[in-house]
Amino acid sequence: MQETIFLPLIIALPLLGFVVLGLFGKHFKEPVAGWLASSLVLGSFLLGLYLLFQGGARWTLLDWLPGIPFSFNLDNLSGVMLLVVTGVGFLIHVWAIGYMHGDPGYSRFFSYFNLFIAAMLVLVLGDSLPVVFIGWEGVGLASYLLIGFWYNQRVNADSARKAFIVNRIGDLGFLLAMGLLWKMFGTLSISELVQKVEAGGYNPAALTLAGLLLLIGAMGKSAQVPLMVWLPDAMAGPTPVSALIHAATMVTAGVYLLVRHAFMLHGDACLSGLIVVIGLITAIYGALASLGQWDIKRIVAYTTLSQLGFMFVAVGVGAYWVAIFHIVTHAFFKALMFMTSGSVIHALGGEQDVRQMGGMRKYLPSTHIHGVVATLASGGLIPLAGFWSKDAILAYSFAYGPLLWALMMIASVLAALYSVRWYVLVFWGDYRGKEHPHESPPVMLWPNHILMVGAAGAGFMGLPYVIDYQNFLNPFLTPAIGDFALEKLPVLTEWILIIVSAVVAAVTLWWGFGFYQQKAPPWLERFQVWALEGFYADALFNTILVNPARSLAGVLLDADRGILAGFTGLGSLVGGLGRLLASLQTGALRLYMVGLMIALVLLLGWGVLR
Amino acid sequence: MIWLFASALLFAIGTYGALTRRTAILVFLSVELMLNAAALALIGFAQLMGSLDAQVVVLFIIAIAAAEVAVGLGLIVAIFRRRETTSVDELRQLRG
């Protein structure tokens, strides 16, 4: 741990890109803006990697607010997140150079993109909670700006607002948690909170409440049931945005926040149980809803929901390093899945309906390979990345309770199904659209090649202990998260779980591959009508929340107009009186004289007779 | 007392003139008559009271009236140059 000025520099690089591209974006010719933004993110990545090899770093600006320092902390946990954010972020930046080609808002796009990276790094590196909160709000802002990037269509602007408003609910939880922790411990620095919580001497119920409020914050950002409604609509933004913000990085911020506060959640069975339940519901809900979507990006968005549910379950069962492990592998395969979808959308000139796709394996051979790897990794085929992280979650779920394991198994069967459904609808069958498909340019293919390697191989850093007794990731993260030893399952059980999980995933993938090439049976079509609407979650929210709020707003608006009408009435009364008096000024001099004389006589008469 | 009656007569004549004449010069002249009627009334009261205070005020009135006449006549001349008329009825549009 060293104090170094290089740490804030990691954040300053993309922030510089945001300022430069935001202020002088018009002066940059098209690819230059993209390459500038990308290279700044790469610079952050390399600098972060260097500092992580140095053994982490700290940077503190004393007394930013009274009693609250402005501090950043690069330990192994934030380091892993930093590498994911900047590494995958860099690849998506490069890919976006090709995808955003010809867009009138090219520089503006990369300016926002760099703002997002900077805000996300503040979130990840922040050591005191208000600093984390700045990043938390910053990524929300960047997400809002990018969802509504094509703001001249109303639906995009509405989606952006929806995301922002739903996230506000979570942010309120975060704020209240900060207030409560400040009241309890008198500090908001995470590293000091760890010590104070260990030292004890506080009310455990209050700590549970603080954890619950933090959980609400995490649920908003990570789109957990019931705050998940914004994520599918967030797909209104350009595809690189969906890949970077709404799949790989920002939505995992909630999970990261919970892992950062593992010291508060650990040993609180009530809170952990709640996290498990929320995660489980989200995992199954997202998977089921994904099976009914026809928009290629909404398919992938709901799969993201499902995978975020897996991460929450990992946090809930106490396997914090597994949650981070799944964040890493998910960042690879979900970014790959999104960018493959984006390449297909690009190839078809903006078509997003999978019913107008099909047969892409003949037209887009390279993208097809990306699609295969993304599907198998997301579906959990051994030995790709998705398998190992999902298997670790399943194993720890089994240790938590066999019932949870069984339910999570259902969720992972569904995960395999939605992956293969996406793959079959896009790449197999006959081409059903009219556009002439064309393969993406190299600037879009190469990032996918690299991500493909990650999606295939990232799992090997977190192998189960029966294969690799000390894998890389678990001991690497332990000093940062805290040493919460979990009992290891017996070797035989662990092996059985691995084999069951591998066989089930492979069989499901194979079965789904055949199933989705046939015509859908009637029961499936009925189910898909339900799933297409996300099981009417939006309609429910509209009925119980949005419409009452809207009627209240209408009443208040009418009342406001009434009060305003009163004031304008008063104004026009005085004005009318003035106009009446003004009509006395006729300009006839003798009339004035008569008036004067009458007044004189009256005054004199009053004076004499008094 | 006679001074007061003279003053009242003078004021009445001035008022009549100001109300009936149309030419700005004559209206102005009538107003001057009314002003001097007021001055005369002050002198009459000074006589009755046996005090000199009011007579001092009359001196001030004369001095200020001289200045006022200069301004008033100047205005009338300026209006005449521009409009070729000094009829107060035709100058009604000056009301703004």
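Predicted model: local features only at pLDDT ≥ 70, side-chain atom pairs only at ≥ 80, totals over all residues.
Now the pairings. S1 of chain A runs parallel to strand S2, residues 57-65, over 2 bridges. In one of these contacts between strands, A:Gln2 has A:Ala57 in S2 as its bridge partner. On the other pairing, S2 and S3 of chain A run antiparallel, joined by 6 bridges. There, A:Trp59 is bridged to A:Phe72 in S3. S2 and S3 form a hairpin with 2 residues between the strands, and A:Gly67 in that hairpin takes a positive phi near 80°. A general point on strands: when a strand is regular, its side chains alternate between the two faces of the sheet.

Where is A:Thr4 found? A:Thr4 sits in the loop between S1 and helix H1, residues 6-24, of chain A. Is A:Thr4 buried or partly exposed? A:Thr4 is partly exposed, because 16 other C-beta atoms lie within 10 Å, and a residue needs 20 or more to count as buried. Leaving aside neighbours within four places in sequence, A:Thr4 is in contact with A:Ala57 and A:Trp59.

Next, the helices of chain A. Helix H14, residues 296-316, has 21 residues. From first C-alpha to last, H14 of chain A reaches 31 Å, close to the 30 Å expected at 1.5 Å a residue. H14 is mostly covered, with 21 of its 21 residues buried. Just after H14, A:Gly318 takes a positive phi of about 90°.

On to the nonpolar cores. The largest has 199 residues. The residues with the most contacts inside this core are A:Phe116, A:Ala335 and A:Ala455. Helix H15 of chain A, residues 320-347, gives the most to this core, with 18 residues. Which residues does A:Phe116 touch, not counting those up to four places away in sequence? A:Phe116 touches A:Val139, A:Ala142, A:Leu146, A:Leu244 and A:Ile245. Another core lies apart from the largest one. That core has 6 residues, among them A:Leu589, B:Ala18, B:Ala24 and B:Val88.

That brings in chain B. Chain B has 3 helices and 0 strands, and from the N terminus the elements run α-α-α. The radius of gyration of chain B is 16 Å, well over the 12 Å that the globule rule gives for 96 residues, so chain B is more spread out than a compact globule. Along its principal axes, the C-alpha trace of chain B spans about 50 × 25 × 20 Å. Of its 96 residues, 11% count as buried. Among contacts in chain B with a separation of 6 or more, 46% come from residues 24 or more positions apart.

Key: Residues numbered from 1 in each chain as written. Chains lettered and ligands numbered in written order. Pairing = 2+ DSSP bridges. Helix = DSSP H or I, 4+ residues; strand = E, 2+ residues; numbered from the N terminus. Rg over C-alpha atoms; globule rule 2.2 N^0.38 Å. Buried ≥ 20, exposed ≤ 12 C-beta atoms within 10 Å, placed from the backbone. Contact = placed C-beta atoms within 7 Å. Expected span 1.5 Å × (residues − 1). Core = buried A, V, L, I, M, F, W, Y, C linked by C-beta atoms within 7 Å.
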